[in-house]
Each structure stands twice: as C-alpha cells, then as structure tokens.
Amino acid sequence: MEYHGNYPDLYGKVRNKLTNSGSCHDFDHTLRVMHNAKQLLKNIPQADVETVMLAALLHDIARPEEEQSRGSLCHAKLGAQQIPGLMAECGFPAELAQKVSEAVRSHRFRGKDEPSTLEAEIVFDADKLDSLGAVGIGRAFLFAGHENARLHNTAEVALASEAYSKEDTAYREYLVKLRYLPRKMRTAAGRKAAVERAAFMAEFFEKLDTEINFTEDNL
C-alpha cells in the first residue's frame, strides 16, 4: 500500500529500537501483530488501513522504557506521546500521526483507556491475538523462563502467587489473563479468532496439568 510518509525510514527506526527488546515484545512480536491486523482488516473494509498498519508497527515503540522501569512506566501512554515526533521525522502528516497515537494509547489490556475508534479496536485485537493460541503458549513459557519460574504448578498455587515470582508460571499467566481475552476483544473478527485460539490453550494446559500434577507421596 502507499503511505503518506517515509515508511521504510519509520520501519527501520522501530526495528532498530525493538530488536533487542524483551523477548516477548521484540520486533518479531510487532511483525506478528501487523500480520494479525492485516488479517482482521480483510473482514473490516471500512477501516483506514494506513492508520491500522502504522499503529500496529508502532504499538510497542516505548516497550523498552517500560521494561527498564520494571513496569512503573506505561508503554502505551509513553508511546502515544512519542509517536507524533517520530512520525514527523519521517514526513508523515500530523493528522495521521494523531490517529495512530490514539490507537497506540488505548491498545493495552490492563490500561484504563478504551479504544475509541475502529482502527484502535483493530490494533487492540491484533495485539491480543498474539497472546493466544500456540504463539501465546510459547510466549507465556518464554516469559516464565526469563523470570526463572517453574515449568508448571497447580491452579491454587498459581492464583495465590505474585507476579515475577518462582510461581509466576505460564499457567498463571493463562489463569490470570489469557483465558479472559476472548471476551475483551473489540471486533467480531477478533473475537472469533480469539475464541478458537483460547480453546487450543485450554486444551494444552489441561493436558499439561494431567501430566505434571502428581503428588510426591506417590513417588
């Protein structure tokens, strides 16, 4: 598609910044979100494609700052503030940058800002879809491994544990957040895809639970 600015320059800036970001939110994640957004757009022809694809590209632009702050900074809010200047450097019009900024500001699952435009809803859904299905399982274990968490634990232990602890397993992420994502989706196309991916996750963790949760008394 044709962009109203220097897209290769903007793309390169984002890639360079996110390539060495946290493994769950690196540039590979951004590429998957862009792919998800493109798939959703096929079912939502009335959306502005340029706004959606640029917001998908830029949605995690401030993720490195949040990770460095251990969560004290909100990457969605900070990213929305950075985008107008970044897009201006690449020759994009201010009006378009404002639309992209709005979509980025409201894409966070735990954020208080709700998506207020169709384009923002698509970006929200595209990002959440990357936390579900086979990719979502892989990301959950990747994060747990980064935090030196256990491979698995019981639902009772997982739900009673703290984030960034030994018990902050992939299963805890599923129980606390991921299983609820389908009901959070903003578009019909996103919801349909989320339900399918969440069903796969539920089956996986049920199988994992049966293989691992035996008692030490039986050994």
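**Helix H1**

I began with helix H1, residues 7–18, which has 12 residues. From its first C-alpha to its last, H1 reaches 16 Å, close to the 16 Å expected at 1.5 Å a residue. The expected span is 1.5 Å times one less than the number of residues. Helices here are DSSP runs of H or I with at least four residues, numbered from the N terminus.

The model is predicted: local features need pLDDT of at least 70, side-chain atom pairs count only at pLDDT 80 or more, and totals for chains, interfaces and linings use all residues. Residues are numbered from 1 along each chain as its sequence is written, and side-chain values use heavy atoms, with hydrogens and water left out.

I then looked up the buried residues of H1, and these are Tyr7, Leu10, Gly12, Val14 and Leu18. For accessibility I used relative accessible area: buried is under 20%, exposed is over 50%, and partly exposed is in between (1.4 Å probe, protein chains only). The buried residues of H1 pack against H2, helix H3 (49–58), helix H4 (63–68) and helix H5 (75–89). Contact means heavy atoms within 4.5 Å.

**Helix H8**

I checked the span of helix H8, residues 133–146, in the same way. Its 14 residues should span 20 Å at 1.5 Å a residue, and its end C-alpha atoms are 20 Å apart, which agrees.

Which residues of H8 are buried? I noted Gly133, Gly136, Ile137, Arg139, Ala140 and Ala144.

**Positive phi values**

As background, I recorded that most residues other than glycine have a negative phi. Asn148 follows H8 and has a positive phi of about 60° although it is not a glycine. I located Asn148 in the loop between H8 and helix H9 (155–160). Asn148 is exposed, with a relative accessible area of 55%.

Tyr164 is also not a glycine, and its phi is positive, near 60°. I placed Tyr164 in the loop between H9 and H10. Is Tyr164 buried, exposed or partly exposed? Tyr164 is partly exposed, at a relative accessible area of 48%.

**Asp113**

I found Asp113 in the loop between helix H6 (94–105) and helix H7 (118–129). Asp113 is partly exposed, with a relative accessible area of 35%. Leaving aside neighbours within four places in sequence, I saw that Asp113 is in contact with Arg105 and Ser106. I also noted that the C-alpha atoms of Asp113 and Ala76 are separated by 9.5 Å, the two residues being 37 residues apart along the chain.

**The second largest pocket**

Last, I looked up the second largest pocket, in which about 170 Å³ of space lies. On a 1 Å grid over the protein atoms alone, a pocket is an open set of points where a 1.4 Å probe fits, with protein on both sides within 12 Å along at least five of seven lines. Lining residues have an atom within 4 Å of a point. A volume is the space filled by probe spheres set on the points.

Helix H2 (27–41) and helix H12 (188–212) are the elements that give two or more residues to the lining. H12 gives the most, with five residues. Among the lining residues I listed His35, Leu129, Lys192 and Arg197.
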